[in-house]
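I opened my notebook to look around a structure, one stop at a time. Here is what I wrote down as I went.

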Amino acid sequence: MTEYPHLLAPLDLGFTTLRNRVLMGSMHTGLEERGDWNRVAEFYAARARGGVGLMVTGGMAPNREGGVFPGAAGLFSDQDIANHRGVTDRVHDAGGRIAMQILHAGRYAYGPDCVAPSAVKSPISPFVPNALDEAGIEKQIGDIVTAAVRARAAGYDGVEVMGSEGYFLNQFLVTHTNRRTDRWGGSYENRMRLPIEVVRRVRAAVGDDFILIYRLSMIDLVPDGSTWEEVVRLAREIEKAGATILNTGIGWHEARVPTIATSVPRRAFAWVTRKLMGEVGVPVIASNRINSPEVAEGVLAEGCADMVSMARPFLADPDFVRKAAEGRADEIAPCIACNQACLDHTFSGKISTCLVNPRACYETELVIAPAGVAKTVAVVGAGPAGLSAALTAAERGHRVTLFDKAGALGGQLNMAKKVPGKEEFRGLVDWFATMVARAGIDLRLGCEAGVKDLKDFDEVIVATGVVPRDPGIPGQDAPNVISYVDLLAGGARAGRRVAVVGAGGIGFDVAEYLVTGASPAEDLAAWKAEWGVSDPERDRGGLASGGPHTEPALREVTLLQRKAEKPGKRLGKTTGWIHRAALKMKGVKMLSGVNYERITPEGLEISFGEARENPALIAADTIVLCAGQLPQRGLADGLAAEGIAAHVIGGAEKAAELDAKRAIEQGTRLAAKL
Ligand code: NAP
Ligand code: SF4
C-alpha cells in the first residue's frame, strides 16, 4: 500500500490514460536554443524514466514575433520537427509522455517586433508592443495552430497552450492590456474570444486523440485583473472549445507578489485551483510551491485538484515519482525554491540547472560512473561542498570518511535555515543527512581532522569553508558587537535597535531575521496579508483592496554598505526584489556609500563618501558584522607544508561570491573524476 494513493492513481483522459497524477510543469532549460538535441533528449528521458505521468516542455515560440527573446526555439522547419522527434522518441522509449508548450509572449517578447492587443508597454519590458490588426490576429492564431500540428508531427502526446502569466492570450483578457474596440476587445465576451478561438482551432487541427492543456490564469495578481466570475466563464468556454486539461497559472510576470520563491508558503495557491473544482468537467491541475510527495498528496486528497504540477522539483530530482512510489521519499533531493540555478540562469542567458543537482541539464556531460579503482577518500568539512563530494565519491564506490568539527552536518546551511523565509534549507540538510547515512559514509562529527589523521588516505578533499572577514572597525571588540555567526549559530541576542554592517546576501538575511517574528512562509494567512493577496471572488485579480498588511518589525534595523550602489543589487536576479521589498515593508533603513568610523556604546558612527563628509551616528544597541568571508585555509596550508596532496574546494578555496550552488557543483564535479 502506497503512502500516496491519490498521487499515484492513473488519470483517464478518455482516449488515453496517464500513469499518475504528476505533471512536470514547463521550464525553459536553454538547451533547445543551443541545438544539442542529444542533451535535450536525455534531460527529458531521465525524467520519463523517473516515472512522471506527463511532462510539458519549455515554451516553444509559434513565430518569431511571439518568442520570449530573439532566437527563441520553435518548430519552424522540418529540421526542427526532426530534432524534436528525437526527443519524443527517447521519452516514449523510456515509458514517458510529453506535451509541447506553445508560448506566445505577446508584449513580454523581448524585441521591437513584439505584438499585443494594444500598444501598452509592460513594466518589465523596454519595448512598446505593436497593436495587432485583424489580419495580424489571424496570423497569430494560424501560427499557434501550425505549431500544434507540427508538435503532433514531431511525436508529442499533446500541447499546452500558454494562456496565463500575463503572456499573449492573457493580455487579451483584461482591460489594462486590451484597449481594443473591435470584436477582440471591449466586453468580456470579446476579450476572451482569442483564447477560445485558439483552443477551438487547435483542437480542430490536431484531432480528438491529442492532449490539449490550457494554462489559465486563475489569479492575475495585477491591478485590473480578471474577476473570479470571468475566470470560471473562460474555463467553461475553454473546455467547450476542446481542452483536455486545465492547468493553473498564478500571477502575471509583472506582479509585485512573489509566486514561486522560497519564502512563498508551500501549496500557497492550491485554494485558488480548488475553487474551480466542480465548475468544469475536465481535470484541473494545481501548481506553485508543491515540492514534496506529501504536499502533492495533500493537495489531491483534499480535492484541490485532479493532478499536480511540479516543475523545479524535477530539476532537483528526476526520480521524484519513482522514489515516492518505492517508499523512498526521504531520498528525494528537495527543490528549495531558491531560483539560483534555474530561473536566475534563464534570465542571465545561461543554461538552467539546479543548486541541489548540478547534473540537471548536464546529464550527458556530468556523468557519475563507477570508479575504476575503489579508493579511500577523506573529506574534511560537512558543508554543501564537502557533503556533495562525499556523496558523489561514495556513489562511485569509493570508501569515504567525512569529518566535521561541528556536532551536526550542514555547515553554513544550518545558518540559512534559521532565516525566516528560508525554512526549505531544513529539508536540504535533512536530505544530506539521510543520503550520507544510506551511502555508508563513515561520518565523524565533532572531530577536527588534523594533518596526521589524513596522511593514509588515497585522496584528501579539504572543504573547511570560510571564516567571517574582520572589517577592522575601531571599537568593534566591545560587547555591543556580534558577528552573524554569533547571532544565527551561537544564540547571541540583539537589542531593539540594530545596525548591520554589510548588505550582501548574509546582511539581508540577518536583517530579515532581526525584524521578523513568526515566519509568514509557514503561515499562509499571514503571508497573504503581507503581500496583499486576496480571494479573486472578492477582489479583482486577487489583489486585496486594502493593500498589503505587514506585521510590525521586531526591531529597528539599519543595513549599511560602503559601495555607493543600491543595497541588494547583487542578490538573486529573480528574487532580489522580494528581499528588498520585504525589508522595505518592515521599515528597514538602507544606507550606501558609508565609511565606518568607529563603534561606541551609543552605536555606529559613520560618514559618507571619499571626503568622509556628513558624519552621523546610527544609534544602536547592537551592531552585527556581516562583512563577507575569507577562506578557512589552516588545514589546506598544513597539508601542503607536509607535502600531502589535497583537493581544496568550496569556500576554503575561494570565499568570494561563494554560495551553495557553487559549493555543491564543485564538490560533485571533483568527486565525479576521482
Ligand atoms: P557578500 O555578499 O560578499 O557581502 C559582503 C558584504 O560585506 C558586502 O555588503 C560588502 O559591501 C561588505 N564588506 C566587504 N568587505 C568589507 C569590509 N572590509 N568592511 C566592511 N564591510 C565589508 O558576502 P556575504 O553576505 O557574507 O554572503 C556570502 C555569500 O553567500 C555570498 O556569495 C552571497 O551571495 C551568498 N548568500 C546568498 C544569499 C542569497 O540570498 N542568494 C543569501 C546569503 C548568502 P561593501 O564592500 O560595499 O561594504
Ligand atoms: Fe529548485 Fe533552487 Fe534547484 Fe531551482 S536551483 S530547481 S529553485 S533547488
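Is T88 buried or exposed? I looked that up to begin with, keeping in mind that this is a predicted model. T88 has a relative accessible area of 0%, so I noted it as buried.

**Entry: T88**

I found T88 in helix 3, which covers residues 78-93. Next I looked for its partners. With residues up to four places away in sequence left out, T88 touches I98, A154, G155 and Y156.

**Entry: E165**

Then I moved on to E165, which sits in the loop between strand 8 (158-163) and helix 5 (168-173). Why do I call E165 buried? Its relative accessibility is 7%, and the cut-off for buried is under 20%.

Which residues does E165 contact, beyond those within four places in sequence? I wrote down Y108, N170, R215, S217, G249, I250, G251, W252 and H253. I also found a polar contact of 2.4 Å between the side chains of E165 and S164.

**Entry: N339**

I looked up the backbone of N339 too. N339 has a positive phi of about 70 degrees, and N339 is not a glycine either. I located N339 in the loop between helix 12 (320-325) and helix 13 (343-346). With a relative accessibility of 4%, N339 counts as buried.

**Entry: G242**

Where does G242 lie? I traced G242 to the loop between helix 8 (228-241) and strand 10 (245-250). G242 has a relative accessible area of 15%, so I put it down as buried.

I then checked what G242 meets. Not counting residues up to four places away in sequence, G242 touches V199, R203 and L212. I noted a distance as well: the C-alpha atoms of G242 and R200 are 6.0 Å apart, while the two residues are 42 places from each other along the chain.

**Entry: domains**

Time to step back and look at the whole chain. I see it divided into domain 1 (11-326), domain 2 (376-467 + 632-673) and domain 3 (481-516 + 553-627). The centres of domain 2 and domain 3, taken over C-alpha atoms, are separated by 30 Å. Their contact takes six residues from domain 2 and nine residues from domain 3.

**Entry: ligand 1**

Which domains each give at least three residues to the shell around ligand 1? I found that domain 2 and domain 3 both do. There are 19 residues around ligand 1, and A503, I506, R562, K563 and L658 come nearest. I sorted the shell by type and got seven nonpolar, six polar and six charged residues.

I went through some backbone atoms next to oxygen atoms of ligand 1:

- K563 has a backbone N or O atom 2.7 Å from an oxygen atom of ligand 1.
- G505 has a polar backbone atom 3.2 Å from an oxygen atom of ligand 1.
- C626 has a polar backbone atom 3.4 Å from an oxygen atom of ligand 1.

How much of the accessible area of ligand 1 does the protein cover? On its own, ligand 1 has 880 Å² of accessible area, and the protein covers 78% of that.

**Entry: helix 19**

I ended with helix 19 (residues 505-515), which supplies the largest share of the shell around ligand 1, namely three residues. Helix 19 is mostly covered, with eight of its eleven residues buried. I listed the buried ones as G507, F508, D509, V510, A511, E512, L514 and V515.

What covers these buried residues of helix 19? My list includes helix 18 (484-488), helix 21 (576-585), strand 19 (497-501), strand 20 (556-560), strand 21 (589-591) and strand 25 (622-625).

How values were computed. Residues numbered from 1 in each chain as written. Chains lettered and ligands numbered in written order. Predicted model: local features only at pLDDT ≥ 70, side-chain atom pairs only at ≥ 80, totals over all residues. Heavy atoms only, no water. Helix = DSSP H or I, 4+ residues; strand = E, 2+ residues; numbered from the N terminus. Buried < 20%, exposed > 50% of the residue type's maximum accessible area, 1.4 Å probe, protein only. Contact = heavy atoms within 4.5 Å. Near = heavy atom within 4 Å. Polar contact = N/O pair within 3.5 Å; in protein donor to acceptor, adjacent residues only side chain to side chain. Areas by Shrake-Rupley, 256 points an atom, 1.4 Å probe, with all protein chains shown as cover. Nonpolar A, V, L, I, M, F, W, Y, C, P; charged D, E, K, R; others polar. Domains from an automatic or database assignment.
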